[in-house]
Amino acid sequence: MSVQLVMPAAGLGVRLGASRPKALVELQGRPLLEHTLDRFASLDLLSRAIIVAAPEHIEEISSLILATYPQSDCRVIEGGSVRQESVLLGLNALEDDTSIVIIHDAARPFAPPAIIEASIEAAREYGAATVATPCVDTILVGDEEQWLIDTPDRSCLWYCQTPQTFQRDLIVAAHEAARKDGHKGTDDATLVLRMGGRVRIVEGSPFNLKVTTPSDLLWASLAIEKELV
Ligand code: CTP
Ligand code: MG
């Protein structure tokens, strides 16, 4: 079964507040995107990859990939205004023979290859899988006026990560249904769930962090320096 990576990288990184788009921000001397792609290159998953980028950065990202991974013939395509749109555009660009799709955020530079492999295995067996880590914090639900209204039982809470990995037909149908219904989600696995599909949780790693804010970039830099990732 052919596996194909779709990597949403079209965000601008507003919360990071850098002068560059997040995928191109420097992390220990290399663009963030390169760190992320390294993990997939080590599994030989770059050759058919689809990188979804903002139109104004397609050229720069394409030349970066060509310079760093000259053997890969991965494609850089134009994304949309929100992540869900970018992913759907990536799904529309899949090769005909692809049966398993890995969706992984460019903003998550340290996905451990063993966990990527475990997500592929889970998608093969169950149809849909998300990587996640068990919640270690007590999570509070507040109302609009900042009053506590609920404290969900932590033992069944997980922090969502990517990769999320799927059988192709399932994720394409889930995205098409969400688009048709005008449903806006913040991840892809939940789109499968809302169609009545089952999603397997694959335990991830706390080092598989997403760079969202300046402090995340600091932690990411420290993790490389201390050789933790
Ligand atoms: N993404 C995308 N297309 C968009 C928005 C986001 O492909 N229109 C991608 C980002 O590039 C990132 C991933 O989705 O790899 C997760 O999004 P997030 O961490 O929110 O990144 P940004 O949207 O860039 O950041 P912000 O929300 O702070 O602007
Ligand atoms: Mg965003």
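How do the residues of the lining of the second largest pocket divide into nonpolar, polar and charged? They divide into 8 nonpolar, 3 polar and 2 charged. The structure is a predicted model.

- Strand β10 makes the largest contribution to the lining of the second largest pocket, with 4 residues.

**The largest pocket**

- The volume of the largest pocket is about 1200 Å³.
- The lining of the largest pocket has 43 residues, and R15, K22, R83, D105 and K210 are the closest to the centre.
- At least two lining residues come from each of β1 (2-9), α3 (83-92), β7 (128-134) and β10 (158-167).
- Here too β10 supplies the largest share, which is 5 residues in the largest pocket.
- By class, the lining of the largest pocket has 19 nonpolar, 15 polar and 9 charged residues.

**Helices α1 and α2**

- Helix α1 covers residues 32-41 and helix α2 covers residues 58-68; their axes lie 11 Å apart, at an angle of about 50 degrees.
- Because of that angle, α1 is oblique to α2.
- The crossing of α1 past α2 is right-handed.
- On the α1 side the contact involves L33, E34 and L37, while α2 brings I61, L64, I65 and T68.
- Sorted by class, this contact has 5 nonpolar residues, 1 polar and 1 charged.

**Helices α3 and α5**

- Helix α5 spans residues 168-181, and its axis comes within 10 Å of the axis of α3, with a crossing angle of roughly 135 degrees.
- The two helices α3 and α5 are therefore oblique to each other.
- Their crossing is left-handed.
- From α3, the residues in contact are Q84, V87, L88, L91 and N92; from α5, they are I171, V172, H175, E176, A178 and R179.
- The contact of α3 with α5 consists of 6 nonpolar, 3 polar and 2 charged residues.

**Backbone details**

- Most peptide bonds are trans, and most residues other than glycine have a negative phi.
- The bond between T162 and P163 is a cis peptide bond, with omega at about 10 degrees.
- P163 belongs to strand β10, and β10 is the element with the largest share of the lining of the largest pocket.
- Q28 has a positive phi, near 50 degrees, although Q28 is not glycine.
- The place of Q28 is the loop between β2 (26-27) and β3 (30-31).

Technical notes: Residues are numbered from 1 along each chain as its sequence is written. Chains are lettered from A and ligands numbered from 1 in the order in which they are written. This is a predicted model: local features need pLDDT of at least 70, side-chain atom pairs count only at pLDDT 80 or more; totals for chains, interfaces and linings use all residues. Side-chain values use heavy atoms; hydrogens and water are left out. Axes are lines fitted to C-alpha atoms, for helices over the stretch in contact, and angles run from 0 to 180 degrees between N-to-C directions. Angles under 35 degrees count as roughly parallel, over 145 as roughly antiparallel, 65 to 115 as roughly perpendicular and the rest as oblique. A crossing is left-handed if the near helix is turned anticlockwise from the far one by less than a right angle, and right-handed if clockwise. Contact means heavy atoms within 4.5 Å. Ala, Val, Leu, Ile, Met, Phe, Trp, Tyr, Cys and Pro count as nonpolar, Asp, Glu, Lys and Arg as charged, and the others, Gly among them, as polar. On a 1 Å grid over the protein atoms alone, a cavity is a set of points where a 1.4 Å probe fits but cannot get out, and a pocket is an open set with protein on both sides within 12 Å along at least five of seven lines; lining residues have an atom within 4 Å of a point. Grid points are joined across faces, edges and corners, and a volume is the space filled by probe spheres set on the points.
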